[in-house]
Amino acid sequence: MRAKARAYTNIALIKYWGKRDETLFLPTNNSLSMTLDRFYTETSVDFDATLNQDQFFLDGHQVDHQEMKKISTFLTKVRSFTGEGRFARVDSVNHVPIAAGFASSASGFAALAAAAMKATGTDFSKRELSQIARQGSGSASRSIYGGFVEWQKGVEDDGSDCYAVPILDQDAWDLRILSIEVTHEVKKVLSREGMKRTVETSPFFEGWLQAAAADLMEAKQAISDRDFTLLGETLERNALRMHATTLGANPPFMYWQSSTVKVMEAIQALRMEGLEAYFTIDAGPNVKVVCQPEDEQQLLSALNKLAVVKHIYACRIGPGVTYLDV
Ligand code: DP6
């Protein structure tokens with residue numbers, strides 16, 4: 001049976017940074033994200049009894065051995081969850097700038113999880129889908145839902161209480177996200193490797209865990225009150241705290257480039273002038289800026305004047321997983 005799904009990327013306002021179990025993708029802290037409406041992955045999965053191994057085509061090309069192994073390991077998790085016995089052909093098309101901090105793994109594994117689960121023909125809940133997607137890439141657990149989403153770390157060793165939950169609908173609060181590209185370069189330390197090194201070696205990691213828990217409470221309060229200033233201050237602070245842990249790792253590493261810092265400085269300067277916007281950065285040099293609709297145009301024109309800015313993608317809050325006709 002064949003099935004096709006689309007999933008959008010998400011941007012974390014409170015970051016997921018650190019795992020307590022690497023095989024099951026169990027995080028050390030709760031995280032909170034907004035799903036975006038602009039970057040997405042469409043994936044079709046066909047379980048086929050004539051195949052003697054899994055096949056994966058990304059943007060029409062067969063991927064290398066290492067990438068294939070990741071997908072096959074993930075499909076094996078889907079097979080053991082559902083009892084599906086056949087191998088699959090997977091076709092994935094990415095509408096995301098890959099590996100530059102635009103979170104393609106989130107939309108990628110969310111779309112793959114949804115299409116694969118549907119293609120097995122079994123019944124499953126969104127909660128189960130979030131748990132499955134999580135085991136491809138942690139942040140994918142959040143892309144199952146649209147709007148504002150919290151991924152709960154849970155306490156159980158088997159991950160049974162570790163999944164994402166929607167906390168505010170896509171249309172309930174109109175915020176804008178400017179995704180600012182300062183480089184096309186592929187990141188040097190992948191997030192998986194970066195968070196592992198941080199957990200194992202950074203003396204700041206303990207502080208991060210405490211800070212992330214407090215930041216999460218504030219962010220949830222801000223969302224429930226629609227308090228943009230509180231949300232903005234919290235998300236910017238949380239991003240800086242996450243990046244601070246990488247400086248304490250051994251060997252230390254840093255995702256920012258000088259162009260990243262230029263954009264951060266520009267946002268802070270604009271804020272001093274009364275234009276309210278806040279930045280966040282994932283495991284790469286590009287910057288995302290969160291603002292209110294009335295400030296979007298002014299912000300766009302100010303940021304487009306910066307020499308370091310290559311491209312700005314203006315995003316809104318997006319939907320959760322959708323299924324497409326095959
Ligand atoms: C900095 O979900 O890509 O973007 O679970 O190892 O696949 P794995 O990591 P991934 O990490 C995302 C880290 C982050 C913060 C976030 O999205 O919460």
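1. Basis of the model. The structure is a predicted model, in which local features need pLDDT of at least 70 and side-chain atom pairs count only at pLDDT 80 or more, whereas totals for chains, interfaces and linings use all residues. Residues are numbered from 1 along each chain as its sequence is written, and side-chain values use heavy atoms, with hydrogens and water left out.

2. Domains. The domain assignment of the protein gives domain 1 as residues 2-171 and domain 2 as residues 176-316, such bounds coming from an automatic or database domain assignment. The C-alpha centres of domain 1 and domain 2 are 23 Å apart. Contact is taken as heavy atoms within 4.5 Å, and in this sense 34 residues of domain 1 meet 48 residues of domain 2.

3. Area between the domains. About 3,300 Å² is buried between domain 1 and domain 2, with carbon and sulfur atoms giving 68% of it; buried area here is the accessible area (1.4 Å probe) that two parts lose on being put together, summed over both. Of the area that domain 1 buries against domain 2, 25% is supplied by Ile14, Lys15 and Trp17, more than by any other three residues.

4. Three salt bridges are counted between domain 1 and domain 2, a salt bridge being a side-chain nitrogen of Lys or Arg within 4 Å of a carboxyl oxygen of Asp or Glu. Lysine 15 also takes part in a salt bridge, its side chain meeting that of aspartate 282 at 2.6 Å, N to O.

5. Elements on the domain 1 side. The elements that give two or more residues to the side of domain 1 that touches domain 2 are β1 (2-14), β4 (31-48), β8 (148-152) and β9 (163-168), where helices (H or I, at least four residues) and strands (E, at least two) are DSSP runs numbered from the N terminus. Among these elements, β4 gives the most, with eight residues.

6. Which residue lies in the loop between β8 and β9? Cysteine 162 has that place, and cysteine 162 counts as buried because its relative accessibility is 0%, the classes being buried under 20% relative accessible area, exposed over 50% and partly exposed in between (1.4 Å probe, protein chains only). Leaving aside neighbours within four places in sequence, cysteine 162 is in contact with residues including Leu26, Pro27, Arg134 and Trp151. Asparagine 30 is 132 residues away from cysteine 162 in sequence, and their C-alpha atoms are 9.4 Å apart in space. Threonine 260, found in helix α7 (residues 258-272), is likewise buried at 0% relative accessibility; not counting residues up to four places away in sequence, threonine 260 touches Val182, Ile281, Pro285 and Val287.

7. Backbone points to check. Most residues other than glycine have a negative phi, and most peptide bonds are trans. The peptide bond from asparagine 250 to proline 251 is cis, with omega near -5 degrees, and proline 251 is in the loop between α6 (228-247) and α7. Phenylalanine 25 has a positive phi of about 55 degrees although it is not a glycine; phenylalanine 25 sits in the loop between β2 (19-21) and β3 (26-27) and is buried at 7% relative accessibility. Arginine 226, also not a glycine, has a positive phi of about 50 degrees, lies in the loop between α5 (205-225) and α6, and counts as partly exposed at 36% relative accessibility.

8. Salt bridges. The count of salt bridges comes to 16. Glutamate 84 and arginine 86 meet through their side chains at 2.7 Å, N to O; glutamate 84 is buried, with a relative accessible area of 11%, whereas arginine 86 is partly exposed at 31%. The side chains of arginine 176 and aspartate 174 form a salt bridge at 2.7 Å, N to O, with arginine 176 buried at 8% relative accessibility and aspartate 174 partly exposed at 37%.

9. In the salt bridge between glutamate 193 and arginine 197 the closest N and O atoms are 3.5 Å apart, and both residues lie in helix α4 (residues 191-201), four residues apart, about one turn of the helix. Glutamate 193 is partly exposed at 38% relative accessibility, while arginine 197 is buried at 18%.
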